[in-house]
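The sequence and structure are shown first.

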Amino acid sequence: MSPEDLIARCQAGDVEAFETLYQQHAARLYTLACRMAGSQEDGEDLLQEIFLQAYRKLGSFKGDSAIGTWLYRLALNHCLDYVRSRQAKMNKLTETLDADTSFQPTARRETPIARLDLERAVERLPEGCREAFVLHDVEGFDHKEVGKLLGIAEGTSKSQVFKARMKLRSLLLGNR
Amino acid sequence: MHPTDTAIKDYVDGTSDPFERNAVETHLATCEVCRQVVDDLQEIKRVTGTLELREPPVRAWGRIERAIKLEQGNDTARSGSYAFFGKPGWRKPGTIPYWLAAAAVLLLATVVGLRYVPGRNQAGSDGDGVETSASASRAADAIESELRLAESHYENAIKGLEAAAKSDEDALDPRTAATLQKNLAVIDQAISESRAAMRAQPASEPAKQSLIENFKTKIALLQDTVALINEMRKGNEAGAARIVSGLKQKG
C-alpha cells in the first residue's frame, strides 16, 4: 500500500490502516515523549494522547509535508503543552539544580558511558533543563529554535543545556 | 582563572571562535579539573549521539485502539481488528441468553462516571495553583513514589487478567465483547484522566485515590469477565447468573 493510500484509508476512519501508521511512527514519537516527560509511564500516556489527536486531525492533513513530519510536529506540540502544564514545578526544580552544576572533580572515568545509563540519567534530569537538552542535544534543534519552542531566550536555552550536561556528568560519574 | 560555562560549552560543541578556542586549550593544558570536565562532556555528547529509539509497550496500541473505538461510538465488534476482544471465529450472535446483553449494558452503567473531577479545595490546587514550599514538594514526591509502586502492582494484575480473558475470548459473543471493550475504553480513559490530574496536581490525594480506584475498577471488570467466560464455557447458566447478579449489586 502506498503512503498516499494509507493516509486516505486512515482519513476514512479505517482503524487497521491507522494501526499500520502507528506501527511506522510509534517508536520515534514514544521516544520523544518519554524523554520530554522524563518517564516511560508519562511517555506512554502522551503517546496515547498524541495518536488520538492524530486520529482526530488526520482529516486536515493535506500532504504538504511527509506524514512523519506532520506527526512529529503534532507530537512535539503535545509534549510542549505537557511541559508547560508543569511549568510551576519546573521553576522550583531548576532552582535546586544550580547547586549541582559546579566544576566538582569526579572519579576518573575508566570505561565509556553506557547508552542505557545515559537514558536513565536523562530521565532523572530536572524539569526545564531536560527539555532543552532533549530538544538540542538529542533532537537536533538549534538554540534559537529551542528558545522558541520552550518560550525562553536563546541564551537561557544555552545555559539550560549546559546545566543538563553538567548534571548528567554528576549523575553518571559523580558517584564512582 | 577557569573558562566560563559558555566558553566550555562552545569548546565542547566546537562553536568557539579561534581566539576562544586557543584560550581554552591553553587553560586545559595546565588545569586537570577543567580537562576532566571537558573530557566527560565530550563523552556525554558522543553517547547522546548514539541513543536509540525505544519501542512502546505492546499494550500501548490496544489502549489507543480502545479509545478510538470509544470515540467512534462503535458498539459492534469488527472482525480482525480488535487487539483484545473481537477476533474472528466468535460464536454467532443469537446463541447467547438475553441476560448476557443485559449484563453487558449493566457493566457499562457500572463503569461510566469514573472520571476524575477535581474538587475546589484539594491539596495542591490552591488559588495560585503554585506550590513553593519544601514540605509540599516532599509530600508530592512521596505520593508520586507511592503511586508508582501501586501502579506497577495494578498494571501487573491487569496484564495477567487481560491475558486470561484474551486466551478464552471465543467464549464471548460479539455484542458482549464489544460492550466489554467499550467499558474498558471508558476505564482506560478515566485512568488517563486521573493520571493527567496527578501530573497537574502531584500532591493531590483525591487524584491519587481516583487513579487507584480506576485501577481497581478495571481489575474488577476483568475478573468478572474471566469468571463469566469460565461459567459460559462450562455451560453453567446458574453460575453466570450469579456473576450477573453480583454486577447488579455493584451497579
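## Helix packing and the chain interface

The crossing of α3(A) and α4(A) is right-handed. This belongs to a predicted model, for which the predictor reports an ipTM of 0.85 and a pTM of 0.59. Helix α3 of chain A covers residues 40-57 and helix α4 of chain A covers residues 67-85; their axes lie 10 Å apart, at an angle of about 130 degrees. Because of that angle, α3(A) is oblique to α4(A).

On the α3(A) side of this contact are A:Leu46, A:Glu49, A:Ile50, A:Gln53, A:Ala54 and A:Lys57, and they meet A:Leu71, A:Leu74, A:Ala75, A:His78, A:Cys79 and A:Tyr82 of α4(A). By residue class, the contact of α3(A) with α4(A) comprises eight nonpolar, two polar and two charged residues.

Chain A as a whole contains nine helices and zero strands, and its pattern along the sequence reads α-α-α-α-α-α-α-α-α. Of the 176 residues in chain A, 38% are buried. Among the contacts in chain A with a separation of 6 or more, 65% join residues 24 or more positions apart.

The crossing of α3(A) with α4(B) is right-handed. Here A:Glu44, A:Leu47, A:Gln48, A:Phe51, A:Leu52 and A:Tyr55 meet B:Ala60, B:Arg63, B:Ile64, B:Ala67 and B:Ile68. The residues of the contact of α3(A) with α4(B) are eight nonpolar, one polar and two charged.

A further contact between the chains joins helix α9 of chain A, residues 154-173, to α1(B), with axes 10 Å apart and an angle of about 80 degrees. That angle is why α9(A) counts as roughly perpendicular to α1(B).

| Helix pair | Angle | Axis distance |
|---|---|---|
| α3(A) and α4(A) | about 130 degrees | 10 Å |
| α9(A) and α1(B) | about 80 degrees | 10 Å |

The contact between the chains takes 41 residues from chain B and 41 residues from chain A. On the side of chain B that touches chain A, the elements giving two or more residues are α1 (5-13), α3 (32-48), α4 (59-72), α6 (134-167) and α7 (174-200). Helix α3(B) provides the largest share of that side, 11 residues. The side of chain B that touches chain A is made up of 17 nonpolar, 10 polar and 14 charged residues.

Confidence in chain B should be noted alongside these contacts. Chain B has an average pLDDT of 69, and 54% of its residues score at least 70. Over residues 75-99 of chain B the pLDDT stays under 50, and the model has 50 contacts beyond four places in sequence for this stretch. Residues 119-132 of chain B also have a pLDDT below 50, with 22 contacts in the model beyond near neighbours in sequence.

Methods
Residues numbered from 1 in each chain as written. Chains lettered and ligands numbered in written order. Predicted model: local features only at pLDDT ≥ 70, side-chain atom pairs only at ≥ 80, totals over all residues. pLDDT = per-residue confidence, 0-100. Contact = placed C-beta atoms within 7 Å. Axes fitted to C-alpha atoms, helices over the stretch in contact; angles between N-to-C directions. Helix = DSSP H or I, 4+ residues; strand = E, 2+ residues; numbered from the N terminus. Parallel < 35°, antiparallel > 145°, perpendicular 65-115°, else oblique. Left-handed = near helix turned anticlockwise from the far one by under 90°. Nonpolar A, V, L, I, M, F, W, Y, C, P; charged D, E, K, R; others polar. Buried ≥ 20, exposed ≤ 12 C-beta atoms within 10 Å, placed from the backbone.
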